There are 2 protein chains.
Amino acid sequence: MKTIDVCLSPELMPLYDVSNRTVVVVDILRATSCMVTAFANGVESITPFADLEQCLKMKTRGYITSGERDGKKVEGFDKGNSPFEYMDNQVLGMKVAFTTTNGTQAIEKSKEAKEVIIGSFLNLTSVVRYLLLGENPVLIVCAGWKGRVNLEDTLFAGAVVDKLKDYLGLDCDAPLAAQHLYNLAKGDMSKFLSESSHVKRLNRLNIYKDFEFCLTVDKYKVLPRLKNGVLVSH
Amino acid sequence: MKTIDVCLSPELMPLYDVSNRTVVVVDILRATSCMVTAFANGVESITPFADLEQCLKMKTRGYITSGERDGKKVEGFDKGNSPFEYMDNQVLGMKVAFTTTNGTQAIEKSKEAKEVIIGSFLNLTSVVRYLLLGENPVLIVCAGWKGRVNLEDTLFAGAVVDKLKDYLGLDCDAPLAAQHLYNLAKGDMSKFLSESSHVKRLNRLNIYKDFEFCLTVDKYKVLPRLKNGVLVSH
């Protein structure tokens, strides 16, 4: 039986052999939610960068640059990582260079995987269907917050586990823990997360609207995947 | 306000500055449960070793040696890490050299802390009282399984957080997640854990009796703490 496991922090990646796995990278608030939104609105590609300077340099090559650190847009970048910045026609066909505090770091650490896809609540069913039809064992990599475990990414992992548990075997305890937490939270995820550290951080930054949007389930059908280091959705 | 945080795996220890913290090391199945039982039955001291060979050498210096790897007693050692091996009068006043797959490794990684104490369900209230009266911020370090997160240690962390939440501030999301899981599980922890990977592992090894015992709350009052690299309870 194909298995599914959950890596609750990118710092735990060395424990997992991902060479034969499909890795789902998730950073609900807000990197992967923003990426999914961007593809749904027609961007051509997103190149993830762990490093801020490298990302900014792509501006000279015609890329839109998206830079976020500690929840805030970085000076000199065209955009931050709010999904609402990727909802107009101007992004159609554009190439984006993207760097964030946690999400793009998690993608960087997942590069040894057999394949990497991008997950969020916004494209949950697309992710679940893809994993179900695929042949590889699955690892969901939660981006967390600077290496620490966070609730919102764990809930997404739990949602995927919950939907696949009858078809995939669970490795170890992290998928069980995530699934329990998701089942506790699913009735009102917004309320469940209101005590979480990252939501408090976002509230301080006045981006509650982003938070609500990022919890919307199945708004989009796109499934971004990494192809030679670049995210595409076709 | 004094804070409490939970480190769900020893691999995440580099993220935490423990120089001013009281660290509670927990390895419910079975290292710290066994240590607490040993002190309750009168052992004089327990010296934790990360390394198997170093531990075994202590035999020549009059120590009882306890060695466990992958849930099994190691050849050449006097004991494994079952609490039931520390329930007779013969351990009274003895010095023990102890090495296990996860627990003693977690202690080793906690050595930079201001102080280190040993927690288990068996001495839960002693741990909670000590943390409440102490002045240091708290970090609960879950031993996990070979670096991966496990449910039983997370539940213990959640129990401590649940009892201290009105007096200590929560750092980040791991304490919240642990507390939620504990509240889900507390009505019947044995049932809740029956699906966990480590319980399945223990069942294969025929040590269900240990599992039930290690979930007993407040059987003992002892509070082992690290003093110059050696655990004592006075």
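In this predicted model, helix α1 of chain B is followed by Gly42(B), a residue with a positive phi near 100 degrees. The helix itself, spanning residues 31–40, is mostly covered, with nine of its ten residues counted as buried. Those nine are Ala31(B), Thr32(B), Ser33(B), Cys34(B), Met35(B), Val36(B), Thr37(B), Ala38(B) and Phe39(B). Arg30(B) sits in the loop that runs between β2 (22–26) and α1 of chain B.

Chain A has a cis bond too. Here Leu29(A) and Arg30(A) are the partners, with omega at about 5 degrees, and Arg30(A) belongs to the loop between β2 (22–26) and α1 (31–40) of chain A.

Two non-glycine residues with positive phi also turn up. In chain A, Lys146(A) has phi near 50 degrees and lies in the loop between β8 (138–142) and α5. Lys146(A) has 15 C-beta neighbours inside 10 Å, so it counts as partly exposed. In chain B, the residue in question is Asn228(B), with a positive phi of about 50 degrees. It is placed in the loop between β10 (225–227) and β11 (230–232) of chain B. With 5 other C-beta atoms within 10 Å, Asn228(B) is exposed.

On to helix packing. In chain A, the axes of α4 (residues 124–133) and α5 (residues 151–164) come within 10 Å and cross at roughly 50 degrees, so α4(A) and α5(A) are oblique to each other. The crossing is right-handed. On the α4(A) side the contact involves Leu124(A), Val127(A), Val128(A), Leu131(A) and Leu132(A), and these meet Ala159(A), Val160(A), Lys163(A) and Leu164(A) of α5(A). Sorted by class, that contact holds eight nonpolar, no polar and one charged residues.

As for chain B, α4 (residues 124–133) packs on α5(B) at an angle of about 50 degrees, and the axes are 10 Å apart. That makes α4(B) oblique to α5(B), and α4(B) passes α5(B) in a right-handed crossing. From α4(B), Leu124(B), Val127(B), Val128(B), Leu131(B) and Leu132(B) take part, while α5(B) brings in Ala159(B), Val160(B), Lys163(B) and Leu164(B).

An α-helix has 3.6 residues a turn, so residues three or four places apart point the same way.

Finally, the two chains touch: 22 residues of chain B are in contact with 22 residues of chain A. On the chain B side, α5 (151–164) and α6 (174–185) each supply at least two residues. The largest share, six residues, comes from α6(B). By class, the side of chain B that touches chain A comes to eleven nonpolar, seven polar and four charged residues.

Methods:
Residues are numbered from 1 along each chain as its sequence is written. Chains are lettered from A and ligands numbered from 1 in the order in which they are written. This is a predicted model: local features need pLDDT of at least 70, side-chain atom pairs count only at pLDDT 80 or more; totals for chains, interfaces and linings use all residues. Axes are lines fitted to C-alpha atoms, for helices over the stretch in contact, and angles run from 0 to 180 degrees between N-to-C directions. Helices (H or I, at least four residues) and strands (E, at least two) are DSSP runs, numbered from the N terminus. Angles under 35 degrees count as roughly parallel, over 145 as roughly antiparallel, 65 to 115 as roughly perpendicular and the rest as oblique. A crossing is left-handed if the near helix is turned anticlockwise from the far one by less than a right angle, and right-handed if clockwise. Two residues are in contact if their C-beta atoms, placed from the backbone, lie within 7 Å. Ala, Val, Leu, Ile, Met, Phe, Trp, Tyr, Cys and Pro count as nonpolar, Asp, Glu, Lys and Arg as charged, and the others, Gly among them, as polar. A residue is buried if 20 or more other C-beta atoms lie within 10 Å of its own, exposed if 12 or fewer, and partly exposed in between; C-beta atoms are placed from the backbone.
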